[in-house]
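Here are my notes for you on this one. Have a look at the sequence and the model, then read through the points.

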Amino acid sequence: MTFAEGAGRLAGFAGAVLGWSADRFWSATPAELAAVVTALAGDTPAPADAATVARLREAFPDG
């Protein structure tokens with residue numbers, strides 16, 4: 001995906017989901033956009049720790 005395609009996709013998301021105008025999107029910093037998206041997404045689960053990964057590898061071996 002090119003920068004222009006990614007930016008267009010994010011601008012569409014910001015308009016449709018956040019109600020942002022194009023001017024608001026282009027004046028926002030990446031950190032501001034990320035903060036709003038993170039707040040909307042809510043709590044995300046922590047990544048699996050080493051013990052969990054080891055149990056999964058044992059339960060579901062590759063090959």
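Predicted model: local features only at pLDDT ≥ 70, side-chain atom pairs only at ≥ 80, totals over all residues.

1. Residues are numbered from 1 along each chain as its sequence is written, and side-chain values use heavy atoms, with hydrogens and water left out.

2. Start with the largest pocket, which has a volume of about 170 Å³. A pocket here is an open set of points on a 1 Å grid over the protein atoms alone, where a 1.4 Å probe fits and there is protein on both sides within 12 Å along at least five of seven lines; lining residues have an atom within 4 Å of a point. The volume is the space filled by probe spheres set on the points, which are joined across faces, edges and corners.

3. Who lines the largest pocket? You'll find F3, G6, A7, L10, F25, W26, A28, T29, P30 and L33 there. Helices α1 (3–18), α2 and α3 (30–41) each give two or more residues to this lining, and α1 gives the most, with four. (Helices are DSSP runs of H or I, at least four residues, numbered from the N terminus.)

4. By class, the lining of the largest pocket has eight nonpolar, two polar and no charged residues. In this count Pro and Ala are nonpolar, while Gly counts as polar.

5. V17, in helix α1, counts as partly exposed because its relative accessible area is 49% (buried is under 20%, exposed over 50%, partly exposed in between, with a 1.4 Å probe and protein chains only).

6. A22, in helix α2 (residues 22–27), is exposed, with a relative accessible area of 52%. A22 and A11 are 11 residues apart in sequence and 6.9 Å apart in space, C-alpha to C-alpha. T52, in helix α4 (residues 50–59), is partly exposed at 24%. T52 and G63 are also 11 residues apart in sequence, but 20 Å apart in space, C-alpha to C-alpha.
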